[in-house]
Amino acid sequence: MDAQSGVGIVSTAISLPERRVPNAEIAEVLQLEAQWISRRTGIHERRFAGDDERNVDFACAAAASAVDD
């Protein structure tokens, strides 16, 4: 906490969709090798929200978790 302003970050949290999509799944659609994607982006998988999930759902869950901490 900043001594002068009294403001600081005391907790953080994260909330992610359950569904994990590996590079192999995306590479198949794009007709690439999964390793090609990994080498160029450093990304190995992504999270995809379901049709019934919205960004605000994850934001609220993360905020509630941060407050609980």
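1. **Elements and ground rules.** Helices (H or I, at least four residues) and strands (E, at least two) are DSSP runs, numbered from the N terminus. This is a predicted model, in which local features need pLDDT of at least 70 and side-chain atom pairs count only at pLDDT 80 or more, while totals for chains, interfaces and linings use all residues. Residues are numbered from 1 along each chain as its sequence is written, and side-chain values use heavy atoms, with hydrogens and water left out.

2. **Overall layout.** You will find three helices and two strands in the chain, in the order β-α-α-β-α from the N terminus on. With a radius of gyration of 18 Å (taken over C-alpha atoms), the chain is well over the 11 Å that the globule rule gives for 69 residues, so it is more spread out than a compact globule. That rule is 2.2 Å times the number of residues to the power 0.38. Along the principal axes, the C-alpha atoms fill a box of roughly 55 × 30 × 15 Å.

3. Of the 69 residues, 16% count as buried, where buried means under 20% relative accessible area, exposed over 50%, and partly exposed in between (1.4 Å probe, protein chains only). The chain exposes about 5,700 Å², and carbon and sulfur atoms supply 52% of that area. Areas come from the Shrake-Rupley method with a 1.4 Å probe, and for residues only the protein chains shown count as cover. Among contacts (heavy atoms within 4.5 Å) with a separation of 6 or more, 55% come from residues 24 or more positions apart.

4. Which residues of α1 are buried? They are Asn23, Ile26 and Ala27. These residues cover an arc of only 100° around the axis, which puts them on the same side of α1; the arc is that of the directions from the helix axis to the C-beta atoms. As a reminder, an α-helix has 3.6 residues a turn, so residues three or four places apart point the same way. The buried residues of α1 pack against β1 (19-22), α2 and β2 (45-48). Glu28 and Val29 are exposed on the other side of α1.

5. **A nonpolar patch.** Val29 also belongs to a nonpolar surface patch of about 380 Å², together with Leu30, Leu32 and Trp36. Of these, Leu30 has its place in helix α1 (residues 23-30). Patches are made of residues with over 30% relative accessible area and no salt bridge, with like charges joined within 9 Å and nonpolar side chains (Val, Leu, Ile, Met, Phe, Trp, Tyr) within 5 Å.

6. **Gln31, worth a look.** Most residues other than glycine have a negative phi. Gln31 lies in the loop between α1 and α2 and is exposed, with a relative accessible area of 73%.

7. **Two serines.** Ser38, in helix α2 (residues 34-41), counts as buried at 17% relative accessibility. Leaving aside residues up to four places away in sequence, Ser38 touches Asn23, Ile43 and His44. Ser65, in helix α3 (residues 55-68), is partly exposed, with a relative accessible area of 30%. Ser65 and Ala49 are 16 residues apart in sequence and 19 Å apart in space, C-alpha to C-alpha.

8. **Salt bridges.** How many salt bridges are there? Taking a salt bridge as a side-chain nitrogen of Lys or Arg within 4 Å of a carboxyl oxygen of Asp or Glu, the count comes to three. Glu45 pairs with Arg20, the closest N and O atoms being 2.6 Å apart. Glu45 lies in strand β2 and Arg20 in strand β1, so the pair ties together parts that are 25 residues apart in sequence. Both ends count as partly exposed, Glu45 at 35% relative accessibility and Arg20 at 48%.

9. **The remaining pairs.** Arg19 forms a salt bridge with Glu25, with 2.9 Å between the closest N and O atoms. Arg19 is partly exposed at 42% relative accessibility, and Glu25 is partly exposed at 38%. The side chains of Arg54 and Asp57 also meet in a salt bridge, at 3.6 Å from N to O. In that pair, Arg54 counts as exposed at 53% relative accessibility, whereas Asp57 is partly exposed at 31%.
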